[in-house]
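Dear colleague,

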Amino acid sequence: MFGGQVIPPSKSPHLRKSGSRPVVFDLDKEEGNVEMEGLLHSTGSNDLKIASLPMTTAAIMPSPILLWRFKVLLFFLWGFICCKIGWDSVMRMSVNLRDLFLYEAFLYYNPLLLVTMMVWLWGVNLWVFAQSTISYAKIFDLDQNHLTHREIWKVATWMTIIVPTSMTAYLYLYSHGEVSLAASQPVLLYCAVSLVLIFPFDIFYLSSRYYLLRTLWRIVFPLQAITFADFFVADILTSMSKVFSDLERSVCRMVHRQVATIAWFEADSVCGSHSIGIPIALVLPYIFRLFQCLRQYKDTKEKTTLFNALKYSTAVPVIFLSALKYHVLLDSWTNFYRPLWLLSGVINSLYSFYWDVTRDWDLSCFTRIFKYNKPSLCSYLLHGRRWVYFWVIGSNFILRLAWTYKLSAHLRHNYLTVFTITALEMIRRFQWVFFRVENEWNKMSSKSNLQLSEISSEEDKLLAPNDHNI
């Protein structure tokens, strides 16, 4: 009776199957196994719960399109609030001081607003290059960490928020009698921008900031061979000479504590409209570009670089003859210096227009820039269309003539007109970038193709059979 086989009930938890045979386990071991299975079962269920948490969280997260629309709504709401506060602040002032006050506000914030506009346009340039077959990273010798158009637009968005906010605070504080606080707004903004540019820590795109500062250093001191990025940025700086002129006047007033005061109203003051610093600031980008051309001639001995240097030198008489109006008699200006100024302006505009079309762009490959990798509406409207020729050439010619207005210090009475002309020059440079970069890419491609053809021809010669007569 005691030696017989003990058969547990069929529903017993101690019965397991191995194949088709019933197996009876030791009860003590089975208790441990049951506990272990319970632990594993509870652990597995917890893992399933934890794994299901990200899915649940992702399910309740809003879509990227919804987030983007919400950000755009906040952006426009913020813009409306700034415009409303700024308009109410200006209307609080007397009519006599309103124009002078707006002129001063535009002087401080106009440079950074124009820089912000240029950053937006540069992002559009990079977006078009990314859609096309042009490798702008190879042209500018950029590393893998270079900023894309999305990051450029992110920087431009923050600049669009910060600069108008500071301007709105300046208008509001000044109109409500807080003159000292109002005067601190542009000073704080300029200091913040300067600190962000030179911040030595690895935040705010350190490598890109270092690349920009290094390029600016090479532009100011062309002691080495000139790269494409060097003279490309220098060309853009010539379109921003008005920005440098206003920066000089703004910093001068900040240093001499003339912000939000009537001291700067005097034309003959240290920072007045007759200051010699204005034409110097206007001419500096052209001088930098002139020295670059001379450096290129020293390295390459190409005569075209001398003709290019001559083009930049034609801007010098336009700037300084205009500044002479404040330092000579009226009759001398009207009868002698003004005709010279007009003649030099026409020569500079026509020479620059000729160089843009024939040298910087090279019309033989004028339409390739707008051919995208994937066919799209923009590619259909722009690629190979005749109107693109007429628009780019015509607008470049007109804006080259209008640019002379900005280079002339004695034509700055209407700040809105000057701001508009400067913004149009930014747009002209924006479209100039497309064809200038495309032309450089075509040169690089043709050079590489030529090198490959030479290598293949040499290989063919080496591999060709030699016929020897025995």
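The crossing of α8 and α10 is left-handed, a label used if the near helix is turned anticlockwise from the far one by less than a right angle. This is a predicted model, in which local features need pLDDT of at least 70 and side-chain atom pairs count only at pLDDT 80 or more, while totals for chains, interfaces and linings use all residues. Residues are numbered from 1 along each chain as its sequence is written, and side-chain values use heavy atoms, with hydrogens and water left out.

Helix α8 (residues 228-239) and helix α10 (residues 277-300) pack at about 155°, their axes being 8 Å apart, where helices are DSSP runs (H or I, at least four residues) numbered from the N terminus and axes are lines fitted to C-alpha atoms over the stretch in contact, with angles from 0 to 180 degrees between N-to-C directions. The two are therefore roughly antiparallel, a term for angles over 145 degrees.

In the largest nonpolar core, which has 36 residues, F129, I139, F140, F232, M426 and V437 touch the most other members; such a core is a set of buried (under 20% relative accessible area, 1.4 Å probe, protein chains only) Ala, Val, Leu, Ile, Met, Phe, Trp, Tyr and Cys residues joined through side-chain atoms within 4.5 Å. Its largest share, nine residues, comes from α16. Apart from this core lies another, of 23 residues, including F101, Y109, L189 and V259.

Best regards

Note on methods. Parallel < 35°, antiparallel > 145°, perpendicular 65-115°, else oblique. Buried < 20%, exposed > 50% of the residue type's maximum accessible area, 1.4 Å probe, protein only.
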